[in-house]
Amino acid sequence: MSPHVLVLGGTTEARALAGELSARPATSVTTSLAGRVTRPGAVASEVRVGGFGGAEGLADWLRAQRVDAVVDATHPFAAAITENAARAAAVTGVPLVVLRRPGWQPGPGDHWHPVPSLAAAAEPLPGLGHRVFLTTGRLGLAAFAHLTDLRFVARSVEPPEPPMPPHTHVLLARGPFTVADETALLREHRIDVLVTKDSGGTATAAKLTAARDLALPVVVVRRPPLPAGLTAVPDVPAALRRLDAMTGHPAVNGDRSPDGRRTGGP
């Protein structure tokens, strides 16, 4: 029986991983998307869209679909999905690999203000500038809605959801972005301060370089921690190695008990 791998996706790394796994002989791959983006990138595997109904629902799905391994390759800030994946993997005995691109690191000339949350990101803004460039995604603008004296430029892939600050100009765009384009945007809108999440990767990192070149402060929302006991791998090759090490060829095709739990393999 061919091994079945569930990839919790929505990121560039998830698409690349699904392609690598699908190219393996006799491997079945399902990529799960939350459905929050109306036009996700093409995925080289079977795709399911929508939630599982929490950790219990995911565990039931893993048993019903006889999944042999799960790779959580969701966005670094998709903390609820990662928590549910960890709980479902624990109760079913299905191996779990967490794939997370490395976070950004400040360099010489950067003026970063690390904060633990979007709510904390709003606090220093009145003292940092009057015109704010928000790149925190379409779901987080409510944290800044009370800042009625500031002017915001909010960029997201899809229209942001209210509430949002009263003086907000919305830009709809999808990366990657160049340093030249980001510099021009910051100058055009006379931005004083940038707010971003530590998403990592290169597709949207140019804004950090542009902010450094213009000597602008950057409020950086730190990533939520992984559930206890989990460590992440940084890229697709490392995820494949971890996956193979955790399952092994005999374990991938190992026997299962009637309730769907793995009984064979290391």
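Visitor: Is Arg155 buried or exposed?
Guide: Buried means under 20% relative accessible area, exposed means over 50%, and partly exposed lies in between, using a 1.4 Å probe and protein chains only. Arg155 has a relative accessible area of 9%, so Arg155 is buried.

Visitor: What kind of model is this?
Guide: Local features here need pLDDT of at least 70, side-chain atom pairs count only at pLDDT 80 or more, and totals for chains, interfaces and linings use all residues, because the model is predicted. Residues are numbered from 1 along each chain as its sequence is written, and side-chain values use heavy atoms, with hydrogens and water left out. In short, this is a predicted model.

Visitor: Which strand holds Arg155?
Guide: Helices (H or I, at least four residues) and strands (E, at least two) are DSSP runs, numbered from the N terminus. Arg155 falls within residues 151-156, which is strand S8.

Visitor: Which side chain is joined to that of Arg155 by a polar contact of 2.7 Å?
Guide: A polar contact is a pair of N or O atoms within 3.5 Å; within protein, one must be able to donate a hydrogen and the other to accept it, and residues adjacent in sequence count only if both atoms are side-chain atoms. Contact alone means heavy atoms within 4.5 Å. Setting aside neighbours within four places in sequence, Arg155 is in contact with Phe133, Leu134, Thr135, Leu171, Ala173, Phe177, Glu182, Leu185 and Lys207. The polar partner at 2.7 Å is Glu182.

Visitor: What are the buried residues of helix H7?
Guide: Helix H7 runs over residues 206-213. Its buried residues are covered by elements including strand S6 (111-115), strand S7 (131-135), S8, H6, strand S10 (193-197) and S11. Those buried residues are Ala206, Lys207, Leu208, Ala210 and Ala211.

Visitor: Which residue takes a positive phi just after H7?
Guide: The phi value is about 60°. The residue is Ala215.

Visitor: Which helix do the buried residues of H2 pack against?
Guide: Helix H2 spans residues 54-64, and its buried residues are Ala55, Gly57, Leu58, Ala59, Trp61 and Leu62. An α-helix has 3.6 residues a turn, so residues three or four places apart point the same way. The buried residues of H2 pack against strand S1 (4-8), strand S2 (28-33), strand S3 (46-49) and strand S4 (69-72). The helix they pack against is H3 (79-92).

Visitor: What is the relative accessible area of Arg66?
Guide: Arg66 lies in the loop between H2 and S4. Its phi is near 50°, a positive value in a residue other than glycine. Arg66 counts as partly exposed because its relative accessible area is 37%.

Visitor: Why does Ala26 count as exposed?
Guide: Ala26 is in the loop between helix H1 (12-22) and S2. It has a positive phi of about 55° although it is not a glycine. Ala26 counts as exposed because its relative accessibility is 56%.

Visitor: Where is the peptide bond that is cis with omega near 10°?
Guide: Pro163 sits in the loop between S8 and strand S9 (168-172). Pro176 is in the loop between S9 and helix H6 (179-188). The bond with omega near 10° runs from Gly175 to Pro176.

Visitor: How far apart in space are Gly229 and Ala86?
Guide: Gly229 is in the loop between strand S11 (217-221) and strand S12 (232-233). Gly229 counts as exposed because its relative accessibility is 80%. Gly229 and Ala86 are 143 residues apart in sequence, yet C-alpha to C-alpha they are apart by 9.3 Å.

Visitor: How much space lies in the largest cavity?
Guide: On a 1 Å grid over the protein atoms alone, a cavity is a set of points where a 1.4 Å probe fits but cannot get out; lining residues have an atom within 4 Å of a point. Grid points are joined across faces, edges and corners, and a volume is the space filled by probe spheres set on the points. The lining is Thr11, Glu13, Ala73, Thr74, Pro76, Leu99, Arg100 and Arg101. The space comes to about 30 Å³.

Visitor: Over which residues is the pLDDT below 50?
Guide: pLDDT is the predictor's confidence in each residue, from 0 to 100. The protein chain averages 90, and 89% of the residues score at least 70. The pLDDT is below 50 over residues 249-266.

Note on methods:
On a 1 Å grid over the protein atoms alone, a cavity is a set of points where a 1.4 Å probe fits but cannot get out, and a pocket is an open set with protein on both sides within 12 Å along at least five of seven lines; lining residues have an atom within 4 Å of a point.
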